[in-house]
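The report below goes through them group by group.

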Amino acid sequence: MTTIFIKGLGLIGSSLIRAIRKEHPDFKIIGSDTEESTPLYALKHQLIDKANTDLNGSEIADFIILATPVAVIIKDLYRLAKMSLKKNVIITDVGSSKQEILTAAVPLQRKGVTFIGGHPMAGSHKTGIAAGRADLFENAFYFLMRTKTVKQNYLKLENLLQGSKTKWLLITAEEHDQLVGQISHLPHIIASALVNQTQNFFVDSPLGIRMAAGGFKSITRIASSDPTMWTAILESNSKIIVKQIEVYIKELEKIEEAIQNNNHDQIFSFFESAKNSRDRLGPEKVGRLPDFFDLFINIPDKVGIIAEIAELLAVNKISLVNIHILEIREDIDGILQLTFIHEKDRLQAEKVLSASNYVTLRNN
């Protein structure tokens, strides 16, 4: 029997367990978490077969998954290197920064133990085991770090997690930390700073921040993420993030100067450049990464309208990847963004919804 040991049963860890259960129902799963109530929840809902403390149980595992904050992952890798582990065990993690983690894994690798650094690029502003779900990673990118590990071991890990229906990408730790620093870590800082600045701005106006609508809510949604996790992430990727913050501040200073000088051309160029870059995102322009296809439709402010649209798509067997309400206010039509992984699904959805008198605003 294949045995899985996983430490950290929060959103990411419990979602991986659910994906493993879905594809490999006979595998034995041992779970560990610092929160006393979390393993009890996992046992009650049959997510794990046995609850252990700390790293107890990892010595008999075929796969060890570390789904804790980065600082804890690093400590546990050093501890695992001193333990007697099962022959041919594969150890992986889900940390959001990789260079420090791969350095911590060197003692394990010197002993001949396989370590594959991993990072699923998916999550939620919700946290905890109850928020986990098997499809959390579906169609999301899952980075695996490029090392001297043989290809067969990568395939074993991918097979273990195939129920997640993720998209695997092999990359170096250095490339990974630069990439996620810019597209994940920096945006979280910006979103949180904007919320804090807005809260301070409206400190004497209780109505102020309550009036925040679509744009503000959209750009600051990720500010609701777990503070403990994000503190650990920033500490583990600090050098790269500091440089990216410095560059971002310079961009703000440029537009600040343009506004002060009423420089119409520079202000226009600022927005035009951003719009053109944002509109160009997609595999035909930036490489072989899979694209998603969006359909934007008008929706009235009516109870049950989202369910009605979802039912139309379901009846016609149209696979929907994501749904996002961009803006809806009382007595004013809102905008619903529907996202599909295949263009044929988007085209079929547009046809079906148009036949039901829904107005398409944009189909890209």
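Helix α6 (residues 151-160) lies across β8 and β9, where contact means heavy atoms within 4.5 Å. The helix runs at about 150 degrees to β8; axes are lines fitted to C-alpha atoms, for helices over the stretch in contact, and angles run from 0 to 180 degrees between N-to-C directions. Helices (H or I, at least four residues) and strands (E, at least two) are DSSP runs, numbered from the N terminus.

This is a predicted model, in which local features need pLDDT of at least 70, side-chain atom pairs count only at pLDDT 80 or more, and totals for chains, interfaces and linings use all residues. Residues are numbered from 1 along each chain as its sequence is written, and side-chain values use heavy atoms, with hydrogens and water left out.

Strands β8 and β9 belong to an open, mixed sheet of three strands in the order β7-β8-β9. Its edge strands, β7 (118-120) and β9 (167-171), each pair on one side only. From one strand to the next, the twist averages 20 degrees. Two strands pair if DSSP finds at least two bridges between them.

| Strands | Bridges | Opposite residues |
|---|---|---|
| β8 (residues 141-145) and β9 | five | F141 and K167 |
| β1 (residues 3-7) and β4 | four | I4 and F63 |
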